Amino acid sequence: MDRLSNTVRPYAWGSTTAIPELLGVEPTGEPQAEMWMGAHPGAPSRLTRGPLNEVIAADPEAELGQDTVAKFGPRLPFLLKLLAAGAPLSLQVHPDLTQAKEGFEDEEQRGIPIDAPHRNYKDANHKPELICALTPFDGLCGFRDPDDAARLLEGLDVNSLKPYVDLLHAHPEEAALREVLTAVLTADRDEMAATVTEAAAAAERIGGHYEPYALIAHDYPGDPGVIAAMLLNHVRLQPGEALFLGAGVPHAYLNGLGVEIMANSDNVLRCGLTPKHVDVPELLRIVRFQATDPGVLRPEADPGGEEVYETPIDEFRLSRFALPEGSAPRDLTARTPQILLCTAGTVRAGELELAPGESVFVPAGEKTEISGNGTLFRATVVA
């Protein structure tokens, strides 16, 4: 078992205080958006033995176990993060596995550099993800019913939004959502900016369930993504609640601190709320145009006190332990690799004591017991 030294990514949307408060350190005044725990080559965690990706590459079966290597190949299949949003992230979707492989191969054949700003596919993997709130956490997830979206837009009483309202009422669900999102993203930029400005002023004046969209517009004035966001469900998670985000589901995180886990990929198609590249044709190919219930997840506890967040994929499995003072040690030995993250109190993992924000990597098969008085998240795979 090795303690991890992790990189904090200073993305502009990050909170300046949330991660430092969890770690018990002074804020730097700069955004601290994500702390990465894993073997992603962009920011691998470091062990005393070296970067985790290099440690795994040197002996995959010893670190990951035979079952994991047989199912996923010689790399850690997941990436664990602390995510602290102080402003909205980009409105985005992720491809499924087939789309990711096809898109990656196509861009490779066309010779687009892997670090080119207009490149969509950085790898050939899909990117399902799960976010579990540590604080109240606001996000957007999946399309509203078209009639609900029409009523929301109509309530702003903005003339230039009325064609979208009519489209949402006039067509079957898939066609309505597709036509409106396409129209929003391909509209004349100056005309759309004026529409967004008027809609944002109305949303701020009305308040209530319009408040999230007024706040988004404050951070991204004139951005077409503000109108696109109003097609989506707004969700507020309470601590311990989670969202699973599958392929093709448009989403954005708005505010809050959470534990995020995802398949080890960096493939993102953006819809808006970003200065980065937006590939509208490819985005429209990936998006699933269907209204969905966001499906807030609450963990199911087993007799041993492990609270599991059930998802339909195998690249990751996230669970939580709330350890009361004086509780007996719990055996977490597994044939799969694990990352253990403390988020509250003090937890002992093996011989290592973990404070909030501290984590360890546990190779497959290594004897592992936890105890203490605090909260521990466990990330592993289903193999």
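Mentor: Let's start with a term: a nonpolar core is a set of buried Ala, Val, Leu, Ile, Met, Phe, Trp, Tyr and Cys residues joined through side-chain atoms within 4.5 Å. Buried means under 20% relative accessible area, exposed over 50%, and partly exposed in between, with a 1.4 Å probe and protein chains only. This is a predicted model, where local features need pLDDT of at least 70 and side-chain atom pairs count only at pLDDT 80 or more, while totals for chains, interfaces and linings use all residues. Residues are numbered from 1 along each chain as its sequence is written, and side-chain values use heavy atoms, with hydrogens and water left out.

Trainee: Which residues touch the most other members of the largest nonpolar core?

Mentor: They are Leu140, Leu156 and Leu168, in a core of 52 residues. Contact means heavy atoms within 4.5 Å. Setting aside neighbours within four places in sequence, Leu168 has contacts that include Pro146, Ala150, Leu153, Val180 and Leu231. There is also a second, separate core of 34 residues, with Met35, Val69, Leu130 and Leu341 among them.

Trainee: What percentage of the residues in the protein chain is buried?

Mentor: Buried residues account for 57% of the 383 in the protein chain.

Trainee: How should I read the radius of gyration of the protein chain?

Mentor: The radius is taken over C-alpha atoms, and the globule rule is 2.2 Å times the number of residues to the power 0.38. For 383 residues a compact globule would be near 21 Å, and the protein chain, at 22 Å, agrees with that. Its C-alpha atoms fill a box of roughly 65 × 50 × 40 Å along the principal axes.

Trainee: How many helices and strands are there in the protein chain?

Mentor: Helices (H or I, at least four residues) and strands (E, at least two) are DSSP runs, numbered from the N terminus. The protein chain has 12 helices and 21 strands. As for contacts between residues at least 6 apart in sequence, 75% join residues at least 24 apart.

Trainee: What about phi?

Mentor: Most residues other than glycine have a negative phi. Asp157, not a glycine, has a positive phi of about 55°, and Leu273 also has a positive value, near 60°.

Trainee: Where does Asp157 lie, and is Leu273 buried or exposed?

Mentor: Asp157 sits in the loop between helix H6 (146-154) and helix H7 (162-170), and counts as exposed because its relative accessibility is 57%. Leu273 is in the loop between strand S13 (269-272) and helix H12 (280-286). With a relative accessible area of 1%, Leu273 is buried.
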